[in-house]
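Dear colleague,

Please find below the structure for your records. A summary of the findings follows it.

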Amino acid sequence: MENIAELKTFLSIPKDIVICSHRNPDGDAIGSSLGLYHFLNKMGHTVRVVFPSEYPDFVAWLPDAESVIIYDIESDRAEEVVDRADLIFCLDFNSLSRIDRLGEYIGGKDTPLAMIDHHLYPDLNALYEISDPSSSSTCELVYDFIQMMDMQKELDVPIGECLFTGILTDTGSFKYATSPKLFRIVAHLIEIGVDDYKIQDLIFNAQSEKRLRLLGHCLANRMEILPEFHTGIIYLTRNDYDVFNIQRGDTEGIVNMMLTMKNVKVAAFIMEQPTIVKLSLRSKGDFSVQEICQKHFKGGGHKNASGGASYFSLKKTIQKLKDILPEYKTALDDAKPY
Ligand code: 5GP
Ligand code: MN
């Protein structure tokens, strides 16, 4: 951030601050938002976190998670805090379209924005900006931000637990986008008192029986492997949603299971939702799924984790993906998985 000095001066007197993140917030979205929230609170600001939709249960234990305002549930209250804000932080997303109606509301104001994000191709008119697609997570960038503010001494367990959570989930338990710098940050968080195993237990050993049975169903009955394209597809029908009573967060991580196959370089999870068909794509190594999502499914994200949507039927969407794959045949054959 080039204008960090300006932001430091701005934040040297107590301000009203809103922090928002994307729809269906994941560990990094809520971890970075609450981490920054605790930090700015400590600096004496009045801070509110606003998400377009609810966060999953596996992060509900994060300190002060219950204080988050959900636009879908309390839009009037969310709009009130946005109205009062002197500055709005946008965390873990880089385009107002990713936060739909909340984005329209914020876009209609002239409140300055501060973006901290690690997705490709930012499209946000922010006065202050930390955008680094090479970073593991927005949580890593919030740590960098605290360092840029010369306030590392303010790091404490609540801030650390939030930041550790997003780093843990966005790196797939320290598998992707790691670096010596990231491990130093994590070491520092553990030094100040973050209990790393406690957080792993709270996040990963919190599966319901229903979710494990759903995973079994996906692997046994809904998975198709296309060896010639090094691709695996899992789909879920609207009927599956009813039969398994699938709720927010229940499908999280299922797509990654296919990447545990040696020959699979791309994994697609295709969900028939009430009005759209949603796609989640993952890849290993140097094959990018970002382009497929952006070019063919009005989406985007990262090289190895992207998403998008389709307005065709489930069957047609699966066929559309299969029709696209030959275009990438050489790239898929050549891609190194690591
Ligand atoms: P997921 O598959 O877990 O929903 O998302 C994976 C990544 O792709 C996330 O970083 C997310 O921000 C991004 N992503 C998911 N869906 C969309 C979408 O519809 N549009 C864009 N631009 N990015 C998406
Ligand atoms: Mn993230």
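**Domains and their contact**

In this predicted model, the centres of domain 1 and domain 2, taken over C-alpha atoms, are separated by 27 Å. Domain 1 covers residues 4-204, and domain 2 covers residues 209-334. To the contact between them, domain 1 gives 9 residues and domain 2 gives 8 residues.

**The chain as a whole**

The secondary structure of the chain consists of 13 helices and 12 strands. Its radius of gyration is 20 Å, close to the 20 Å that the globule rule gives for 338 residues, so the chain is as compact as a globular protein of that length. Along the principal axes, the C-alpha atoms fill a box of roughly 60 × 40 × 40 Å.

Of the 338 residues in the chain, 51% are buried. Among the contacts with a separation of 6 or more, 65% are between residues 24 or more positions apart. The accessible surface of the chain amounts to about 15,400 Å², and carbon and sulfur atoms account for 50% of that surface.

As to charge, the chain carries 35 positive and 49 negative side chains. The centres of these two sets are 6 Å apart.

**Individual residues**

Q290 belongs to helix α11, which spans residues 290-296. Is Q290 buried or exposed? Its relative accessible area is 5%, under the 20% cut-off, so Q290 counts as buried. Leaving aside residues up to four places away in sequence, Q290 touches L120 and Y121, together with G300, G301, H302, K303 and S306.

N24 is found in the loop between β1 (16-21) and α2 (27-42). The phi angle of N24 is near 45°, which is a positive value in a residue other than glycine. With a relative accessibility of 48%, N24 counts as partly exposed, because that value falls between the cut-offs of 20% and 50%.

N245 likewise has a phi near 45°, a positive value in a residue other than glycine. The loop that holds N245 runs between α10 (238-243) and β9 (266-272). The relative accessible area of N245 is 42%, so by those cut-offs N245 is partly exposed.

Yours sincerely

How values were computed
Residues are numbered from 1 along each chain as its sequence is written. Chains are lettered from A and ligands numbered from 1 in the order in which they are written. This is a predicted model: local features need pLDDT of at least 70, side-chain atom pairs count only at pLDDT 80 or more; totals for chains, interfaces and linings use all residues. Side-chain values use heavy atoms; hydrogens and water are left out. Helices (H or I, at least four residues) and strands (E, at least two) are DSSP runs, numbered from the N terminus. The radius of gyration is taken over C-alpha atoms; the globule rule is 2.2 Å times the number of residues to the power 0.38. Buried means under 20% relative accessible area, exposed over 50%, partly exposed in between (1.4 Å probe, protein chains only). Contact means heavy atoms within 4.5 Å. Accessible areas come from the Shrake-Rupley method with a 1.4 Å probe; for residues, only the protein chains shown count as cover. Lys and Arg count as positive and Asp and Glu as negative; His and the chain ends are not counted. The place of a charge is taken as NZ of Lys, CZ of Arg, CG of Asp or CD of Glu. Domain bounds come from an automatic or database domain assignment.
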